[in-house]
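Subject: Structure handover

Hello,

The structure we discussed follows, and my notes on it come after.

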Amino acid sequence: NACPQCGPRLVLMTPERQVVDSADPIGAVAAAVKLGNVGAVKGLGGFHLVCDATAPDAVERLRVRKRRDEKPFAVMVRDLVDAEEVALDEEGV
């Protein structure tokens, strides 16, 4: 639940923390991620880092920044059908 007058509100920012005027901050981040960029979404528990998991350069950039050479990242998908397309079973198939 949120107050329509006092928020919370979405704000789009550059890596240098400059506010970017955007009528659709979520759409702007989604477009940037589709272009291979890495984004960060601030939540209650910290920041959620996002990139296109099918873009090797973006994943590598995120791994270098987070110093996570091998530890797996969480993968977000729309639904179970999409999860089945990207997931491996116990035998790695």
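**Strands and hairpin**

G43 has G46, in β4, as its bridge partner. Strands here are DSSP runs of E of at least two residues, helices are runs of H or I of at least four residues, and both are numbered from the N terminus. β3 pairs with β4 in the antiparallel sense over five bridges, where pairing requires that DSSP finds at least two bridges between two strands. The two strands form a hairpin, with two residues between them.

This is a predicted model, in which local features need pLDDT of at least 70 and side-chain atom pairs count only at pLDDT 80 or more, while totals for chains, interfaces and linings use all residues. Residues are numbered from 1 along each chain as its sequence is written, and side-chain values use heavy atoms, with hydrogens and water left out.

**Largest pocket**

The largest pocket holds about 2,200 Å³ of space. On a 1 Å grid over the protein atoms alone, a pocket is an open set of points where a 1.4 Å probe fits, with protein on both sides within 12 Å along at least five of seven lines; lining residues have an atom within 4 Å of a point. Points are joined across faces, edges and corners, and the volume is the space filled by probe spheres set on them.

The lining has 46 residues, and G39, A40, H48, L49 and V50 lie nearest the centre of the pocket. α1 gives the largest share, eight residues. Elements that supply at least two residues each include β3 (39-43), β4 (46-50) and α2 (56-66). By class, the lining has 29 nonpolar, five polar and twelve charged residues. Nonpolar covers Ala, Val, Leu, Ile, Met, Phe, Trp, Tyr, Cys and Pro; charged covers Asp, Glu, Lys and Arg; the others, Gly among them, are polar.

**Salt bridge and cysteines**

One salt bridge was found in the whole structure, the criterion being a side-chain nitrogen of Lys or Arg within 4 Å of a carboxyl oxygen of Asp or Glu. It joins D82 and R78, whose closest N and O atoms are 3.7 Å apart. D82 is partly exposed at 25% relative accessibility, and R78 is exposed at 74%. Buried means under 20% relative accessible area, exposed over 50%, and partly exposed in between (1.4 Å probe, protein chains only).

There are zero disulfides, a disulfide being a pair of cysteine sulfur atoms within 2.5 Å. The closest cysteine sulfur to that of C3 is in C6, at 3.2 Å, which is too far for a bond.

Regards
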